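Please keep the sequence and the structure in view while reading.

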Amino acid sequence: MDRPSILVVYHSAEGQTARIADRLRAVLDAEGLDVTCLTTDAAPSPDGFAGVVVGDSIHAGEHSKQLTAYVADHVERLNAMPAALFQVSLTSADDSAESASEAGALVTKLLDATGFDPDLVGRFAGALAYTRYGWMKRRLMHQIMRREGGETDTSRDHEYTDWDAVEGFAHDVASYVASAGQD
Ligand SMILES: Cc1cc2nc3c(=O)[nH]c(=O)nc-3n(C[C@H](O)[C@H](O)[C@H](O)COP(=O)(O)O)c2cc1C
């Protein structure tokens, strides 16, 4: 029997969403799915796939134009098939109710802007990738972290991603696609 095919489409400015997409790819592959994992600029239309996962990070309180455009361009197809969204941010590194509501509001803003209605939504903490920033971005993030009480050691990166949560999300996506295929 053919393995059900799944498309993972993501946009990553500094690499953490790419790492998370790659972990999803590995888990979905181990779950028996035939996975295509690509950035928004290389991704095909969702046509012909049994399911789609789209992922994006937050910068300056916004989802990326690239992921928003991909979702808006394919929203009818996405809403008619098993589809999941994951969001990566530093807001989600803080487990307060206020931060959860802030990250959730940014998901809602993306869904309102595009009309997307995903079956599953994951919100993951990203990374403070000081060594991967240019000097301007490093200075800006250092200032923000000093103000907000975050990590200020710019000599290394600080990763907050809960990999067990990422893998749990991948298992949920695999189960959802499998159950939708039995309809
Ligand atoms: C310039 C800049 C602005 C950011 N703005 C926000 C923000 O407004 N809210 C937030 O929760 N995280 C913010 N972040 C954190 C990113 O979402 C986090 O670093 C994430 O891991 C980036 O994912 P990426 O490497 O896939 O782009 C910002 C990061 C940078 C570098």
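## Basis of the model

The model is predicted: local features need pLDDT of at least 70, side-chain atom pairs count only at pLDDT 80 or more, and totals for chains, interfaces and linings use all residues. Residues are numbered from 1 along each chain as its sequence is written.

## Domains

The chain is divided into domain 1 (5-126 + 162-181) and domain 2 (129-160), with bounds that come from an automatic or database domain assignment. The C-alpha centres of domain 1 and domain 2 lie 25 Å apart.

Six residues of domain 1 are in contact with four residues of domain 2; contact requires C-beta atoms, placed from the backbone, to lie within 7 Å. On the side of domain 1 that touches domain 2 there are two nonpolar, three polar and one charged residues. Here Ala, Val, Leu, Ile, Met, Phe, Trp, Tyr, Cys and Pro count as nonpolar, Asp, Glu, Lys and Arg as charged, and the others, Gly among them, as polar.

## Ligand shell

Around the ligand are 20 residues, of which Glu14, Thr17, Ser57, Ser89 and Gly126 come nearest; a residue counts as near if its C-beta atom, placed from the backbone, lies within 6 Å. The shell has eight nonpolar, ten polar and two charged residues.

At least two shell residues each are supplied by helix 1 (16-30), strand 4 (83-89), strand 6 (127-128) and helix 5 (135-148). Helices (H or I, at least four residues) and strands (E, at least two) are DSSP runs, numbered from the N terminus.

## Helix 1 and helix 6

The axes of helix 1 and helix 6 (residues 163-181) come within 9 Å and cross at roughly 50°. Such axes are lines fitted to C-alpha atoms, for helices over the stretch in contact, and angles run from 0 to 180 degrees between N-to-C directions. Helix 1 and helix 6 are therefore oblique to each other; angles under 35 degrees count as roughly parallel, over 145 as roughly antiparallel, 65 to 115 as roughly perpendicular and the rest as oblique.

By class, the contact residues are nine nonpolar, one polar and two charged.

## Helix 2 and helix 4

Helix 2 (residues 65-73) and helix 4 (residues 97-114) have axes that come within 9 Å and cross at roughly 45°. Thr68, Val71 and Ala72 in helix 2 meet Leu110, Ala113 and Thr114 in helix 4. These residues divide into four nonpolar, two polar and no charged.

Notes:
Two residues are in contact if their C-beta atoms, placed from the backbone, lie within 7 Å.
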